[in-house]
Amino acid sequence: PFKFFGRTHNHTFELCQILPLHSVTICFPSQQLQTFYIVAPLWTHLDNRRGGTISYREDTSTAVLELVTAAIDQYFPNITFAATSAFVAIWDSVPYHNGGGVATFQVVFVSNVHRSFILINYGDIGETEQMWLAGYNTLDSVHSFTVPVTSAPELSSSSNINVNGRRSFHVDGSPNLPTNFLASGDGEIVNPPAEDGSSDAIFLQQPFKYFGRTYNQIYVNNNGYLTFTEPLSAYTPFLDSPRDIIAALWTRLDNRHGGSISYREDSSTVVLAQVTAAVKQCFPNIPFAATSAFVATWDSVPYYNGGGVVTFQVVLAYNVHRSFILIYYGDVAETEQRWQVSEVLLRLHSTNDKN
């Protein structure tokens with residue numbers, strides 16, 4: 001599967017013609033034209049009946065994966081990444097429909113289970129009087145980009161990564177999280193887009209103690225909080241509700257318009273060491289070693305009424321005796337919506353004793 005701005009696509013990519021320009025592009029199958037997710041390295045009227053070739057493959061060979069991983073590492077040095085798949089599509093010396101020249105370019109979809117990138121390589125691009133466009137677009141243009149050049153041949157000499165004729169984009173919808181956040185990990189599950197939605201019940205492998213109560217399940221609610229006994233659709237914050245709630249940023253959020261809300265329970269050695277160190281830094285007098293960590297991340301999720309996005313993360317770090325909550329904030333835009341954060345949760349230690 002390939003993640004494209006919060007949506008996961010398992011369909012084979014198609015070479016399709018989009019009316020009214022009859023233009024060849026890479027697209028995700030959809031029932032209606034206006035709902036196409038499109039990556040257009042050079043969207044114009046091409047005609048491979050008159051010459052050239054258009055070819056594609058999905059490649060998992062070691063040589064290719066090492067090559068594209070090295071490229072992503074170079075262009076996005078702050079993102080830890082190792083490719084597990086590369087989908088390659090090549091337009092090789094394909095003529096314009098009205099003549100006058102040919103175009104050579106390549107698109108590489110680079111991905112693993114968590115991250116997705118697009119590399120576009122341009123060779124010789126002939127001048128044309130046809131309409132053309134280069135960029136990408138998502139449903140309702142929530143995520144849209146047009147390459148800012150004025151003539152098609154400029155695609156071969158321009159770049160967004162200081163390599164002439166090459167462009168690269170991070171497109172899984174999860175911008176590089178702040179360095180203090182836990183990165184995505186194995187088993188990450190993304191909440192589906194839904195107004196005031198929630199995850200299903202998440203059954204914890206190890207119970208979590210919360211102020212004298214022990215919970216074996218949890219819910220990640222889209223509007224910025226966690227609950228234990230049932231999902232909750234409320235977007236107006238009331239921390240004196242009869243439920244146990246962990247509210248990192250309780251307000252009305254809308255993942256239908258972008259961003260991602262994801263979660264996992266993680267018992268990997270690396271993550272447990274990381275959260276144990278964070279807890280020890282905050283509570284140096286309490287002996288603690290985490291045996292489980294539950295991580296919920298709101299990554300660039302828009303407010304319901306627009307005006308900006310929010311990025312934050314909640315980490316439950318715990319073992320059989322001790323429970324801690326860590327909350328990390330990235331970019332949080334201003335909003336006129338009503339919102340609330342439980343101030344006692346910023347550095348909270350939950351236990352059955354008074355130590």
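Author: Q217 is found in strand β15, residues 213-221; helices (H or I, at least four residues) and strands (E, at least two) are DSSP runs, numbered from the N terminus. The model is a predicted one, in which local features need pLDDT of at least 70 and side-chain atom pairs count only at pLDDT 80 or more, while totals for chains, interfaces and linings use all residues. Residues are numbered from 1 along each chain as its sequence is written, and side-chain values use heavy atoms, with hydrogens and water left out.

Setting aside residues up to four places away in sequence, Q217 touches A201, I202, F203, L204, F228 and T229, where contact means heavy atoms within 4.5 Å. With F228 there is also a specific polar pairing: a polar atom of the Q217 side chain lies 3.2 Å from the backbone oxygen of F228. Such a polar contact is a pair of N or O atoms within 3.5 Å; within protein, one must be able to donate a hydrogen and the other to accept it, and residues adjacent in sequence count only if both atoms are side-chain atoms. T227 is 10 residues from Q217 in sequence, and their C-alpha atoms are 8.9 Å apart.

Next comes D196, in the loop between β13 and β14. With a relative accessible area of 15%, D196 is buried; buried means under 20% relative accessible area, exposed over 50%, and partly exposed in between (1.4 Å probe, protein chains only). Its contacts, apart from neighbours within four places in sequence, are N223, S233, Y235 and R252. Two of these are also side-chain polar partners of D196: N223 at 3.1 Å and R252 at 3.3 Å.

R252 has a charged partner as well, forming a salt bridge with E195 at 2.4 Å, N to O. This pair links distant parts of the chain, since R252 lies in the loop between β17 (245-247) and β18, E195 lies in the loop between β13 and β14 (202-210), and 57 residues separate them. A salt bridge is a side-chain nitrogen of Lys or Arg within 4 Å of a carboxyl oxygen of Asp or Glu. R252 counts as buried because its relative accessibility is 14%, whereas E195, at 38%, counts as partly exposed.

By that rule there are nine salt bridges. Another of them joins the side chains of R264 and E188, again at 2.9 Å from N to O. It too spans distant parts of the chain: R264 sits in strand β18 (residues 260-266), E188 in the loop between β12 (166-170) and β13 (189-190), 76 residues apart. Both R264 and E188 are buried.

Strand β19 (residues 292-302) and β20 run antiparallel and are joined by nine bridges; two strands pair if DSSP finds at least two bridges between them. Within this pairing V295 stands opposite V315 of β20. Their hairpin has six residues between the strands, and in it G306 takes a positive phi near 80°. β20 also pairs with strand β21 (residues 323-332), in the antiparallel sense and over eight bridges, with V314 opposite I327 in β21. A hairpin of four residues connects β20 to β21. Strand β20 (residues 309-318) is largely enclosed by the rest of the structure, because nine of its 10 residues are buried.

In the other place, strand β10 (residues 133-137) runs antiparallel to strand β5 (residues 37-43), with four bridges between them. I38 has N137 of β10 as its bridge partner. Strand β11 (residues 144-146) pairs with β10 through three bridges, also in the antiparallel sense, and T146 in β11 stands opposite G135.

For the protein as a whole, there are two helices and 22 strands. Of its 355 residues, 52% count as buried. Among contacts with a separation of 6 or more, 62% are between residues 24 or more positions apart. The accessible surface comes to about 16800 Å², of which 51% belongs to carbon and sulfur atoms; accessible areas come from the Shrake-Rupley method with a 1.4 Å probe, and for residues only the protein chains shown count as cover.
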